[in-house]
Amino acid sequence: MKRVIACIDSSPCVNAVAEAAAWVAKQTNRELVLLQVLDYYPASYHLGEISGVIGFESNAMLLKELAELEQKQSELALDYSNNLLDHISELIQQKYNITATHIREKGDFLEQSFQVLQEEDVVVIGRVGERSAELNKPIGSNVENFIRGAKCTVMTVGENFKPPTRFIFAYEYSPTCVNMMKRVAQSDLLKLLQCHLLYVGDHPEVLNEPSQYLKNAGLDVVMEYRYGDVAENILEYQAEHAIQLIVLGAFSQSKIRQFFLGSVTTGIFRNSLVPLLVVK
């Protein structure tokens with residue numbers, strides 16, 4: 001069965017992540033999985049590495065006490081994790097009547113997550129994690145690296161989530177974008193929403209073929225032509241029409257790097273007020 005993976009931590013985005021993942025699961029009849037990665041290691045994890053260089057009994061005793069203290073902190077962190085997963089599970093059950101399964105890993109978030117993910121998964125992750133929230137960062141340090149490294153479709157959400165009915169798909173004629181268009185047409189989630197097919201450039205006729213392709217796939221398509229900066233036009237169009245979701249291409253090394261990377265994707269990612277769906 002296909003899955004929706006909700007990345008759960010104690011950030012301000014956690015409820016929105018859970019609701020977005022539950023909405024995707026409900027819309028597409030996917031299994032909902034709550035994924036939590038604990039990166040807490042007590043001092044005792046490293047104690048064996050340094051025990052041979054301790055020369056004073058007092059220092060050894062202090063290290064032992066420190067290890068015991070941090071072991072207790074690790075146990076408390078695990079208790080908090082259990083409570084958080086229980087809370088999110090109850091929220092989803094009550095609001096969406098979905099029973100979620102849990103996956104808990106320990107270690108580096110990116111490394112452990114990538115081992116869990118499968119290509120057909122849809123992953124929902126908050127724009128900020130718990131540590132970035134503590135530092136008042138608008139975007140989590142792991143999020144862009146997560147999008148780059150994940151082999152599946154990724155949705156990012158902020159602190160609030162509203163189920164979308166429409167999405168923007170910015171198109172430019174290229175092999176990369178044509179492949180992305182095919183993924184959009186095949187998406188079990190996006191075909192349920194109205195597609196605003198946006199082209200920014202001097203050749204608006206390039207939208208004729210992709211528009212017909214998406215319509216033949218069963219999507220409701222609205223075409224729009226704009227001129228100027230790509231990122232600015234996408235964000236302006238989204239605000240003007242109150243569109244609730246922006247679909248972007250995956251990070252890649254294509255010839256149109258400027259369109260799918262750098263100032264465009266990063267600019268939208270850092271300035272968008274609505275969820276983003278990065279199609280792989």
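This is a predicted model: local features need pLDDT of at least 70, side-chain atom pairs count only at pLDDT 80 or more; totals for chains, interfaces and linings use all residues.

Author: Phe 114 has a relative accessibility of 31% and counts as partly exposed; on this scale, buried means under 20% relative accessible area, exposed means over 50%, and partly exposed lies in between, with a 1.4 Å probe and protein chains only.

Residues are numbered from 1 along each chain as its sequence is written, and side-chain values use heavy atoms, with hydrogens and water left out.

Rings of Phe, Tyr and Trp (its six-membered ring) pair if their centres lie within 6.5 Å; planes under 30 degrees apart count as stacked, over 60 as edge-to-face, and the rest as tilted. The count by this rule is 4 aromatic pairs. One of them joins Phe 114 and Phe 146, whose centres are 5.8 Å apart and whose planes make an angle of 35°, so that the pair is tilted. This pair links distant parts of the chain, since Phe 114 belongs to helix α4 (residues 109-116) and Phe 146 to helix α6 (residues 141-149), 32 residues apart. Helices (H or I, at least four residues) and strands (E, at least two) are DSSP runs numbered from the N terminus. Ring pairs also bring in Phe 109, which forms a cluster with Phe 114 and Phe 146.

The cysteines may be considered next. A disulfide is a pair of cysteine sulfur atoms within 2.5 Å, and the count by this rule is 0 disulfides. Cys 7 is in no disulfide, and the nearest cysteine sulfur, that of Cys 152, is 8.8 Å away. Cys 7 is buried at 7% relative accessibility, and Cys 177 is buried at 0%.

Most residues other than glycine have a negative phi. Asn 29, although not a glycine, has a positive phi of about 60°. Asn 29 sits in the loop between α1 (14-28) and β2 (31-38) and is exposed, with a relative accessible area of 62%. Asn 97 likewise has a positive phi, near 55°. The loop that holds Asn 97 runs between α3 (57-96) and β3 (101-106), and Asn 97 is exposed, with a relative accessible area of 57%.
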